[in-house]
Amino acid sequence: MDIGLKIYPKDLDSIKSYSNLFSHIEVQALVDLSAKTLQDHGYNYHIHVPHQKFGFNPGQKNELNEVILKHSLELADCVNAKDVIVHPGFGVNAKENMFDFFDDFFDKRMLLENCPLCKTCVSYLFSKPVEMKEFTKRYSCSFLLDIGHAICSASNLGLDVFKFLDDFNNLNPKGYHVYGNNIHSPLGEEHKHFNQVKTDYSYIKKLNSAVFFTLETDWIERSTKDDYIKNIDFLKSFF
């Protein structure tokens, strides 16, 4: 299986002793991250475009969106990253603005990630399967299915979580974000190691083991190599 780990740039050194556990490292492409830093570490990268916490919101018109996205794509070019994960937009006229933005800047390596619908979140676009289908059709692309985000959205919409995941999975995502998350959680994704959350993980066996999985579990600084070995073994046990 193709199993990777999502990190921030500050974690690049911390994971050295166990980076060989993973087939890829997904890194947040913060604007102060240089291509040389990535190249010096020599991992096989997926690039994650910095999200709304860093000012990126393609649902609103602002110059920072272009700066952030172009930097992410430049890093992807420098390290030959095949996948660039990007969050959707939100806000007034978000859909129109988002399509205008991606009509100009969409790259074939981009995978839109579904984001959560919850009481404490902004109202992201493309958080439902029918919406994601519209995006992937418009740009003839695939997407990344974040399992915890989908669980959160289904719970808050009052929908059957397993059917909601099936509907997303039937759209053939190119990869997944996975982590320990209560199957009935309405508050937001939990980002724990699998063994930290006791819940029904039977949905994992319906996922496509031929595509990539990226662990987005607990903070790197309080996790160990053994935590990741357990996560990997747990995932593999379903296939």
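**Notes on the model**

1. Phe 90 is found in the loop between E4 and H3. Helices (H or I, at least four residues) and strands (E, at least two) are DSSP runs, numbered from the N terminus. This is a predicted model, in which local features need pLDDT of at least 70 and side-chain atom pairs count only at pLDDT 80 or more, while totals for chains, interfaces and linings use all residues. Residues are numbered from 1 along each chain as its sequence is written, and side-chain values use heavy atoms, with hydrogens and water left out.

2. Phe 90 is buried, with a relative accessible area of 18%. Buried means under 20% relative accessible area, exposed means over 50%, and partly exposed is in between (1.4 Å probe, protein chains only). Not counting residues up to four places away in sequence, Phe 90 touches Gln 52, Asn 57, Gly 59, Gln 60, Val 122, Ser 123 and Tyr 124; contact means heavy atoms within 4.5 Å. Phe 90 and Pro 50 are 40 residues apart in sequence, and their C-alpha atoms are 15 Å apart in space.

3. Gly 89 is in the loop between strand E4 (84–86) and helix H3 (94–105). Its relative accessibility is 0%, so Gly 89 counts as buried. Residues up to four places away aside, Gly 89 touches Asn 57, Pro 58, Gly 59, Ala 94, Met 98, Ser 123, Tyr 124 and Leu 125. Asn 57 and Gly 59 are also among the residues that Phe 90 touches.

4. Phe 54 is found in the loop between strand E3 (45–48) and H2. Is Phe 54 buried or partly exposed? Phe 54 is partly exposed, because its relative accessible area is 35%. Leaving aside neighbours within four places in sequence, Phe 54 is in contact with Tyr 8, Leu 30, Leu 64 and Ile 68. For Ile 68, which is 14 residues away along the chain, the C-alpha separation from Phe 54 is 8.9 Å.

5. Phe 126 has a positive phi of about 60° although it is not a glycine. Phe 126 is in the loop between strand E5 (110–113) and helix H4 (129–139), and is buried at a relative accessible area of 2%. Asn 172, also not a glycine, has a positive phi of about 60°. Asn 172 lies in the loop between H6 and strand E7 (175–178), and is exposed at a relative accessible area of 57%.

6. Asn 20 is in the loop between strand E1 (2–7) and strand E2 (24–28). With 65% relative accessibility, Asn 20 counts as exposed. The C-alpha atoms of Asn 20 and His 184 are separated by 34 Å, the two being 164 residues apart along the chain.

7. Which residues touch the most other members of the largest nonpolar core? Of its 66 residues, they are Leu 5, Leu 38, Ile 47, Phe 135, Ile 147 and Leu 215. The largest share of this core, six residues, comes from helix H2 (residues 63–79). A nonpolar core is a set of buried Ala, Val, Leu, Ile, Met, Phe, Trp, Tyr and Cys residues joined through side-chain atoms within 4.5 Å. Leu 38 is in contact with Leu 12, Val 27, Leu 33, Tyr 43, Tyr 45, Ile 47, Leu 75 and Val 79, leaving aside its neighbours within four places in sequence.

8. H3 and H4 pack at an angle of about 30°, with their axes 12 Å apart. Axes are lines fitted to C-alpha atoms, for helices over the stretch in contact, and angles run from 0 to 180 degrees between N-to-C directions. H3 and H4 are therefore roughly parallel to each other; angles under 35 degrees count as roughly parallel, over 145 as roughly antiparallel, 65 to 115 as roughly perpendicular and the rest as oblique. Lys 95, Met 98, Phe 99, Phe 102 and Asp 103 of H3 make the contact with Glu 134, Phe 135, Arg 138 and Tyr 139 of H4.

9. Helix H5 (residues 147–157) and helix H6 (residues 161–169) pack at about 130°, and their axes are 9 Å apart. H5 and H6 are therefore oblique to each other. On the H5 side the contact includes Ile 147, Ala 150 and Ile 151, and on the H6 side Val 161, Phe 164, Leu 165 and Phe 168.
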